Amino acid sequence: MELCHKWGIPHSAFRGHGDGTWSDLDRRKALAYADYLKTVCPSCGTRADEWDEHAGGDEDAYRATTHRCIGCQLLADKQKTVPDGDEGHGVKVLLIPTSVHAALQLQHTHHN
């Protein structure tokens, strides 16, 4: 249902059935998934029921852990070099493949 929601397609079409129109069942599934999403914390991705023992959950349902993303680390490091104030307004930091960066550098060298 996550992909159907993201792509805006009926579940039956995702499964390769039907003619691509939204059936009553497709609409009910989509509405149920939308209701489910309202129960998911946007910050941590869990639901209150998963923690609530009275609702069948467990206070130890999850464990916090750490993970280092090298891409995020590179972005954070580069973001520190963006100037403060007007000079840095609108400056975006993004990751591009090394091969694309090299091609852009080469292009920049040939045009200057």
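Is His 11 buried or exposed in this structure? Keep that in your head for a second, because buried has a set cut-off here: under 20% relative accessible area. His 11 comes out at 16% relative accessibility, so it counts as buried.

Okay, hi everyone. One thing before I go on: what you see above is a predicted model. So let's walk through it together, starting with the whole chain and then going into some side chains.

First, the overall picture. The protein chain has six helices and zero strands. If you read the elements from the N terminus on, you get α-α-α-α-α-α. The radius of gyration is 23 Å, while the globule rule gives 13 Å for 112 residues, so this chain is more spread out than a compact globule. If you put a box around the C-alpha atoms along the principal axes, that box is roughly 60 × 45 × 30 Å.

How much of the chain is buried? Of the 112 residues, 11% count as buried. The chain exposes about 9,600 Å², and carbon and sulfur atoms supply 55% of that area. And then there are the contacts across the sequence. Take the contacts with a separation of 6 or more: residues 24 or more positions apart account for 12% of them.

Now back to His 11. You'll find His 11 in helix H2. What does His 11 touch, leaving aside its neighbours within four places in sequence? The list is Met 1, Cys 4, Asp 26 and Lys 29.

Helix H2 covers residues 11-14, and Ser 12 is in there too. Ser 12 is at 16% relative accessibility, so Ser 12 counts as buried. Not counting residues up to four places away in sequence, Ser 12 touches His 17, Thr 21 and Asp 26.

Let's move on to the aromatic rings. How many aromatic pairs does the structure hold? It holds three, and I'll show you two of them. Trp 7 and Phe 14 form a tilted pair, 6.5 Å centre to centre, with 50 degrees between the planes. Trp 7 has a relative accessible area of 52%, so Trp 7 is exposed. Phe 14 is at 42% relative accessibility and counts as partly exposed.

The other pair I picked is Trp 51 with Tyr 62, also tilted, at 5.4 Å centre to centre and 40 degrees between the planes. Where do these two sit? Trp 51 lies in helix H4, residues 48-51, and Tyr 62 lies in the loop between H4 and helix H5, residues 70-79, so the pair ties together parts that are eleven residues apart in sequence. Trp 51 is partly exposed at 33% relative accessibility, and Tyr 62 is partly exposed too, with a relative accessible area of 37%.

Last stop: salt bridges. A search of the whole structure finds three. Let's take them one by one.

In one of them, the side chains of Arg 28 and Asp 24 meet at 3.2 Å, N to O. Both residues lie in helix H3, residues 24-38, and they're four residues apart, about one turn of the helix. Asp 24 is partly exposed, with a relative accessible area of 45%.

Then there's Lys 38 with Asp 35, at 3.7 Å, N to O. What separates them along helix H3? They're three residues apart there, so about one helical turn separates them. Lys 38 is exposed, with a relative accessible area of 68%, whereas Asp 35 is at 45% and counts as partly exposed.

And finally Asp 60 with Arg 63, where the side chains meet at 3.5 Å, N to O. Asp 60 is partly exposed at 42% relative accessible area, while Arg 63 is at 65% relative accessibility and counts as exposed.

His 11 counts as buried, and so does Ser 12. Thanks, that's my bit!

How values were computed:
Residues numbered from 1 in each chain as written. Predicted model: local features only at pLDDT ≥ 70, side-chain atom pairs only at ≥ 80, totals over all residues. Heavy atoms only, no water. Phe/Tyr/Trp six-rings, centres within 6.5 Å; stacked < 30°, edge-to-face > 60°. Buried < 20%, exposed > 50% of the residue type's maximum accessible area, 1.4 Å probe, protein only. Contact = heavy atoms within 4.5 Å. Salt bridge = Lys/Arg side-chain N within 4 Å of Asp/Glu carboxyl O. Rg over C-alpha atoms; globule rule 2.2 N^0.38 Å. Areas by Shrake-Rupley, 256 points an atom, 1.4 Å probe, with all protein chains shown as cover.
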